[in-house]
Amino acid sequence: MHYRKLGRTGLLVSEVSFGTIPILQGSVPVLPAYFNLSEEQAVEVMKHAFRLGCNLYDTAIFPEYGDAEQKLGVFAAKIGRERIIISDKARFFDGNAMYMAVLASCEYLKTCPDIYFVHQADFEHEEEIFKQGGALDALCELKEEGKIRFTGLASHYYDILLRGAMDSRVDVLQGSGNLLERGMLERIRKEPRFRGKGILINKVYAAGILPRFFPVKTLVASVLSYPISSALIGLGTKEQTDEAMQCPLSLSLPSFSQVLSRLEKEFRPIPCSRCQQCLCPYGTEIHTLFRQYNYYFLGKDYWALRKLSLGIAQSARLCRFCKDMPCLSMCPEKIRIPDEIVRIFQMVKTFYPGKIHEP
């Protein structure tokens, strides 16, 4: 295992870090059906990762991640709390709610986390998070009180991460990216304002679907080829841990076009890297629609289709009547965005006849 600096925190973190979604147990929305680990099993998997050199373990507050916090706390006590770094997070945006969430996490963990993130920051809650008295201010207060060591901001949106990179209150950022969805990583590489921040990257396997198409060593190495601190991977077995943490990094990595060529053997992918530069004047998240389309064919069929059905008719209607179509000039891949959105609409309509109406 190799280690990298976590921004200016003074911490060195393992290049591959442990995501705790697969070790949780119970009726939790994010729980994969094929994982249901007891406390003893979960601790053994985390110990195995530790023996391989992993020192960063990422979790989230109950009930979002079920009993993962508690299991991580038990593991930390068994191997020695000072020997690992714990990052935790909560989806609260108001300062008071975030403050109480951190105190609750400390209770579940039976220790204080090293890093605490505002989880899944989005544009709807952006101003609430960054304003005076918002979630970031609460984390700074907790840092001053010694209840956490460093503050974090986690988001799937590049512009929010960039705002966090420019905010002196934020120590560590957590974003997403992988061999296919590399747009955010490419922009981070080119943007000097991210330098000095610790950066964790999740969704390395694209919600578990890319290992069917590409070797794990290629997926891990591709993310670590960018200027980040650690690749955060959800692990639920010793075998998965071995695969992720014993990967040679000196690999010849496939280009974006080569990745698309591999996927074209299965379906016709939309060549979107999720760079998020295609801003729609009506607010349609174009990159999210394209992700859900690709995910449908990559194996997340029901989940992706259900997500698409929620707003695709309106998106197709707005595209049909948009005169300027600024998204076309913004897209570096030159995707015919309106045509693709109509194609997605037609696909979804075949699965929901009578429910999805013509735009």
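Biologist: R81 is buried, and so is D114. What does buried mean here?

Modeller: Buried means under 20% relative accessible area, exposed means over 50%, and partly exposed is in between (1.4 Å probe, protein chains only). This is a predicted model, in which local features need pLDDT of at least 70 and side-chain atom pairs count only at pLDDT 80 or more, while totals for chains, interfaces and linings use all residues. Residues are numbered from 1 along each chain as its sequence is written, and side-chain values use heavy atoms, with hydrogens and water left out.

Biologist: Why is the pair R81 and D114 called a salt bridge?

Modeller: A salt bridge is a side-chain nitrogen of Lys or Arg within 4 Å of a carboxyl oxygen of Asp or Glu. The closest N and O atoms of R81 and D114 are 2.8 Å apart, so the pair meets the cut-off.

Biologist: How many salt bridges does the structure hold?

Modeller: The structure holds 18. In one of them, the side chains of D58 and K89 meet at 2.3 Å, N to O. D58 lies in strand β4 and K89 in strand β5, so this pair ties together parts that are 31 residues apart in sequence. Both D58 and K89 are buried.

Biologist: How do you know that K147 and E145 form a salt bridge?

Modeller: Their closest N and O atoms are 3.0 Å apart, so the distance is within the limit of the definition. K147 counts as partly exposed, because its relative accessibility is 26%. E145 is also partly exposed, with a relative accessible area of 37%.

Biologist: What makes β5 largely enclosed by the rest of the structure?

Modeller: Six of the six residues of β5 are buried, so the strand is largely enclosed. I85, S87 and K89 point one way from β5, and I86, D88 and A90 point the other way. In a regular strand the side chains alternate between the two faces of the sheet.

Biologist: How do you know that β4 and β5 are paired?

Modeller: Two strands pair if DSSP finds at least two bridges between them. Strand β4 (residues 56–58) and β5 have three bridges in the parallel sense, so they count as paired. One of the partner pairs is L56 with I85 in β5. From β4 the chain crosses through helix α2 (residues 68–79) to β5, and this β-α-β crossover is right-handed. Right-handed means that, with the strands pointing away from the viewer, the path from the first strand over the helix to the second runs clockwise.

Biologist: Which bridges join β5 to β6?

Modeller: Strand β5 (residues 85–90) runs parallel to β6, and four bridges join the two. A90 has V118 as its bridge partner in β6, and D88 stands opposite Y116. The chain goes from β5 through α3 to β6, again in a right-handed β-α-β crossover.

Biologist: Why is I115 called buried?

Modeller: Its relative accessibility is 0%, so I115 counts as buried. I115 lies in strand β6 (residues 115–118). Leaving aside neighbours within four places in sequence, I115 is in contact (heavy atoms within 4.5 Å) with residues including L6, I85, F150 and V172.

Biologist: What makes K110 and Q120 worth a look?

Modeller: K110 has a positive phi of about 65° although it is not a glycine, and Q120 likewise has one of about 50°. Most residues other than glycine have a negative phi. K110 lies in the loop between α3 and β6 and counts as exposed, because its relative accessibility is 69%. Q120 lies in the loop between β6 and α4 and is partly exposed, with a relative accessible area of 31%.
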